[in-house]
Every structure is written in C-alpha cells, then in structure tokens.
Amino acid sequence: MEKRVRVRFAPSPTGGLHMGGVRTALFNYLFAKRHNGDFILRIEDTDQTRFVEGAEQYIVEALKWCGIAPNEGVGFGDGPHAPYRQSERKDSGIYRKYADQLIAGGHAYYAFDTSDELESMRKRLEAAKVAAPQYNAVTRQSMRNSLTLPEDEVKRLLDSGEKYVIRLKVPRNEEIRFHDIIRGWVVVNSSQVDDKVLLKSDGMPTYHLAHIVDDIEMQISHAVRGEEWLPSAPAHILVYRYLGLENDMPKLAHLPLILNPDGNGKISKRESRFPVFPLSWTDPRESAPFVGYKEAGYYPEAFVNILALLGWNPGNNQELFTVDEMAAIFDFERVNKSGAKFDPEKAKWFNQQYLRKKSDAELAEAFAPILKEKGFERDNAYLIEFCRLVKEKVQFVHEFWDHGKYIFIRPENFDEKVMTKKWNDTSKAFMHALAAQLNALVAWNTATITEAFHAVEATNGKGDMQLLRVLVTGAAGGPQLFDMLALMGKDEVTTRLNEALNQLK
RNA sequence: GGCCCGUUCGUCUAGGGGUUAGGACGCGUCCCUUUCACGGACGAAACACGGGUUCGAUUCCCGUACGGGCUACCA
C-alpha cells in the first residue's frame with residue numbers, strides 16, 4: 001500500500017527565506033496538493049549560534065504571501081505532531097533516543113575530541129597530502145572516542161560530564177546505493193562519507209539526525225530538498241538502515257539549484273540586480289534591507305509561476321499557470337536535473353501577463369495610493385480610464401506613474417527630436433487653428449476631439465498627431481492620443497496647448 | 001584537490017536513434033496604425049568536444065572539457 005503523501009518544508013531560521021527556498025517549498029506544496037496529501041512546515045533550529053531574530057516569522061509570512069501555506073506546522077496551527085520546532089522537540093528526548101539506539105546497535109559512538117584536536121587532525125592529514133581530511137573509519141582509530149578508548153575510560157569520561165558528540169560509524173568501504181526520484185540511482189562509496197556528528201556536545205542533534213528522526217515521527221513520505229543535500233544523502237541512508245527503516249524511509253527528491261543569471265553559483269542576496277527575497281527582508285546583521293518581490297511590484301501569482309517554471313515544465317507550451325493548475329499536473333518526473341539560471345527579464349514578462357489579467361478597476365485601486373504619494377488625486381472613474389489607457393505599456397503597477405505622469409504634470413520642455421523635425425510654420429498654424437477649434441467644443445470626448453482635428457485638417461491640411469502629443473505632454477510617446485486628451489479634460493488640454501503655443505512662438 | 005551531480009538557441013525549456021530540432025523571454029525586420037502602444041507575421045539564434053555502438057547519433061556508452069554542489073559539533 002502506498003503511504004499517504006506527507007511532505008515538509010524544513011528551513012532553518014538563519015535569515016530571510018530566499019527564492020530558492022521558496023521554490024523548494026512550492027514543489028513540496030504542489031506535490032502534496034496533487035496527491036491530496038499534507039504539507040508541513042518544520043523549523044530546523046538546531047544551531048543556536050546561527051539563529052536570526054525574525055527569520056521564522058518571515059518564512060511564515062512569505063509562504064502566506066505566495067499562496068502556498070502549509071496545512072500543518074509552525075505558524076499554521078500546528079497539528080498532530082506538534083511541536084514543529086526542533087529546538088522544542090529536543091526536550092522530549094526523542095533525538096537522544098534514536099542516537100542511543102544507534103549506539104546500542106554498534107552503529108554510532110561517542111567522540112570526545114576537542115575542536116583543537118579535530119583541527120590538528122585535519123592539519124596533519126593535509127600535511128600528509130590526504131585528499132579529503134575527514135573523521136572516518138581510518139582516522140577515528142587515532143582519535144579519542146569510544147571505539148579507541150578502554151571501556152572503563154569511556155564510562156569515566158561520560159560520568160564526569162566530559163563533553164562529547166555522538167558520531168555515525170560509517171563502514172570503511174561499502175557501496176551505498178540509493179534512488180532519487182529526479183536523478184535515478186546514485187552510487188557512492190562509504191569511504192567518501194565521514195563519520196557525521198549526529199548529536200552535538202550541547203545535546204542538540206545535527207541536521208543529519210534531526211531531520212531523519214522527525215521525518216520518521218511525522219510520517220513523511222517524500223523528502224524533497226535542494227541539490228546541496230545530495231552529497232550527504234548516503235549518510236542519511238545509512239542512518240535509516242541502522243535504524244532498521246531503510247525500506248520505510250521517505251523517497252528522496254533532490255531539486256536542481258537556481259543559479260545566478262550572470263556569472264556563476266547559487267543566487268546570492270548581495271549585489272543582486274533583482275530581488276532574491278519574496279518579501280523585503282531586514283536582516284539584523286545588515287545595515288540596509290533587501291527589497292522583496294512584493295515590494296518590487298510583483299504579484300505573488302507571477303512570482304510563484306516564475307519559480308515553478310525554473311526546473312519544472314508541464315510538457316507542453318503552456319507557461320501561465322495558477323497554483324491550482326500546476327498542482328493538478330505537477331510531477332517530479334518533469335523536474336529537470338540541471339540548475340536553472342534565473343532570468344530577470346522573463347520574470348518581468350510574467351508579471352506583465354498577470355497585470356493584464358487584472359481589471360481596470362483593480363489596477364486603479366492599486367495605483368491610487370502611488371499617485372497620491374506623488375501628490376495627485378483623481379476620482380475613481382478617472383483612474384479607471386487612466387489605467388485602461390496606460391495598462392498596455394506597463395509591467396508593474398508602479399510603472400503607471402512612469403508611463404503616465406505627463407498626464408498629471410504639465411510639460412516643462414518638449415521632446416527635442418520631434419520638435420526639430422516637425423515644428424514649422426505650417427504645423428504651427430495647424431496647432432493654432434486646432435487650439436481655437438478645441439476651445440470652441442462644447443462636448444468633450446474622444447469623438448468630438450477627433451472631429452475637431454479632422455475639421456482643422458479640412459482647412460489646414462494634414463495634421464500631425466505626434467506633434468500635438470508633444471505640445472500637450474512634452475513626451476513623444478504615450479497612450480492613445482485622443483482618448484488621453486478626452487480623459488485630461490478640456491480645460492487642462494486647452495490650457496496646456498495655449499501655454500505651449502505661447503512659449504514656442 | 002577529492003567525491004557527487006549536471007551540459008539542447010544569450011536565458012528558461014520541448015523533444016528524442018532517421019525531425020526543416022518545437023515553444024517562451026530578449027533581440028531584429030515587416031504589417032496594422034494620421035500618434036503611442038497592443039497585436040500579427042517573419043527572422044537571426046542551440047544539440048560542449050572527442051571516441052565508440054549503429055546502416056544512421058543531438059538522442060545510447062566511454063572519455064575530455066566546462067558548469068554546479070559538497071567537502072563543519074551549519075543547515
């Protein structure tokens with residue numbers, strides 16, 4: 001019988017959750033939804049030295065904003081396996097219990113080496129040109145641990161409260177095979193795996209122990225995580241094996257990484273041309289906050305859509321998906337093996353697609369506060385029409401201002417290229433006639449303005465719409481001209497036109 | 001350095017023993033347009049390299065190169 005699908009996103013609260021983490025959460029979410037399973041948020045805060053204030057809250061809020069809320073776990077009402085913070089789970093002695101079981105089975109041992117001793121061991125090995133200095137089946141024989149020390153000495157050290165860690169006893173030379181849903185079979189020799197610390201000297205488990213214990217206890221069916229975990233997966237296999245649970249362990253899926261667009265490596269928060277965090281993140285260790293996708297104007301639907309297509313594809317040409325649509329067809333078989341460089345340009349395009357789906361009223365509502373901030377206010381009908389006109393030019397709501405500000409601000413100068421090319425006695429005469437014609441209009445709308453323009457053409461010859469545009473707004477480009485004039489209103493347009501004609505002589 | 005993973009247009013990707021190697025972003029040209037756009041059409045642009053296997057390899061295998069990850073009492 002297939003296990004019920006239960007997956008978890010298990011970040012460490014060591015900083016803001018960046019887009020790579022969000023994508024991992026997203027794939028977990030999609031997979032859970034696809035199989036009517038559970039999606040759990042577990043906080044892996046076993047490293048007290050790296051704890052960052054506010055990080056956990058940030059993770060919760062980011063998932064909410066993205067619309068991929070877990071149905072169980074920290075910040076989401078907990079559930080049957082509470083608590084979901086490892087620091088709190090530790091108190092029940094659960095990690096210790098599993099560690100002891102491994103020791104009892106002869107698959108783990110106590111190690112009393114100090115950090116200085118470990119340091120000098122590595123130095124010694126480096127000096128001896130050992131390729132990968134590590135605490136393993138060979139080197140542990142010359143270290144201070146329960147495998148080398150006499151039994152009574154071990155007991156004495158333990159009783160005296162001497163600091164120790166518990167390490168996994170990795171066999172010297174054994175093939176470890178495991179299956180990854182995305183990568184297929186992976187084979188590693190155990191000689192490449194070190195004797196990982198499972199329980200630290202402060203009594204906290206390391207990731208290697210904690211996630212396994214919790215995955216077992218929480219009945220996790222699939223461990224979906226980033227590719228950076230692939231090298232330690234063989235050690236995890238061993239732990240499951242020694243616990244007698246290798247056949248019951250969660251299926252593994254290691255996701256490809258999201259890479260930097262220029263240059264190389266994982267996405268880094270520093271010196272980035274584009275946001276790397278979903279929401280703005282103020283790191284207590286940094287002076288300036290990092291701007292998030294939300295604050296940069298991205299819609300959460302767009303952000304999530306972009307992320308999903310970085311590494312996954314539906315197998316056809318569809319690119320725009322709601323989360324529900326993706327969840328209906330998501331499959332790890334359609335997740336790529338190779339890392340994907342993030343393309344900021346395409347990200348903007350995605351946002352534009354979602355912006356265009358919004359109604360003019362929605363856009364107007366979103367733009368109103370931005371306009372107010374710039375010192376202008378207009379009624380709702382005005383803003384709706386404004387958005388209708390400018391909509392096709394923008395990728396973000398805040399760009400309504402960039403692409404439409406000349407509707408609110410009178411021009412201080414006129415597009416030089418257009419003026420040089422088109423401003424002459426004939427066009428001047430045309431514009432004067434037009435000004436008079438517009439002045440005389442009683443009804444002011446797109447139709448009457450168009451008519452007035454045609455009327456002037458009947459006497460003065462062909463007119464130039466772009467020149468008119470420049471005289472009124474100063475800019476060579478902009479929305480549909482006559483619609484825009486209609487929106488601006490007769491007073492505003494004729495005033496501007498007259499001012500321009502005065503100024504230009 | 002060692003180990004592991006990967007490699008199709010600049011980028012995200014589809015495909016897969018015989019295809020004009022498809023789509024999207026971006027870029028270019030044209031059409032539509034009395035303005036500005038949207039839109040439409042078209043175009044440039046890729047199977048990393050070398051060996052096999054095969055009638056045939058971009059697809060399978062092996063090497064090489066390149067890229068990435070890991071190499072902590074961090075996750």
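Predicted model: local features only at pLDDT ≥ 70, side-chain atom pairs only at ≥ 80, totals over all residues.
Empty space was examined first. Rolling a probe the size of a water molecule over the atoms shows where such space is left. In this structure, the largest pocket holds about 1,300 Å³ of space. Its lining comprises 48 residues, and those nearest the centre of the pocket are Ser12, Thr14, His18, Glu228 and Trp229. Four elements, namely β1 (6-9), α1 (19-34), α7 (207-217) and β9 (222-226), each contribute at least two residues to this lining. The largest share is that of α1, which supplies five residues. When the lining of the largest pocket is divided by class, 18 residues are nonpolar, 14 are polar and 16 are charged.

The second largest pocket contains about 430 Å³ of space. A total of 19 residues line this pocket, with Glu246, Asn247, Met249, Pro250 and Lys251 lying nearest its centre. Two or more residues of the lining are given by each of the strands β6 (175-180) and β10 (251-255). Of the elements, β6 gives the most, with three residues. The lining of the second largest pocket consists of nine nonpolar, four polar and six charged residues.

The volume of the largest cavity is about 40 Å³. Around this space lie His211, Asp215, Ala223, Arg225, His236, Tyr240, Met249, Pro250 and Leu252. The elements α7, β9 and α8 (233-242) each provide two or more of these lining residues. By class, the lining of the largest cavity has five nonpolar, two polar and two charged residues. Both α7 and β9 are also among the elements that supply at least two residues to the lining of the largest pocket. Met249 and Pro250, which line the largest cavity, are likewise among the residues nearest the centre of the second largest pocket.

The helix pair involves α13 (residues 380-390) and α19 (residues 481-488), whose axes come within 10 Å and cross at roughly 165°. Because this angle is over 145 degrees, α13 is roughly antiparallel to α19. The crossing of α13 with α19 is left-handed. On the side of α13, the residues in contact are Tyr382, Glu385, Phe386, Arg388 and Leu389, and these meet Asp483, Met484, Leu487 and Met488 of α19. The contact of α13 with α19 includes six nonpolar and three charged residues, and no polar ones.

Terms used:
Residues numbered from 1 in each chain as written. Chains lettered and ligands numbered in written order. Heavy atoms only, no water. 1 Å grid on protein atoms, 1.4 Å probe; cavity = no way out; pocket = protein on both sides within 12 Å on 5 of 7 lines; lining within 4 Å. Points joined across faces, edges and corners; volume = space filled by probe spheres on them. Nonpolar A, V, L, I, M, F, W, Y, C, P; charged D, E, K, R; others polar. Axes fitted to C-alpha atoms, helices over the stretch in contact; angles between N-to-C directions. Parallel < 35°, antiparallel > 145°, perpendicular 65-115°, else oblique. Left-handed = near helix turned anticlockwise from the far one by under 90°. Contact = heavy atoms within 4.5 Å.
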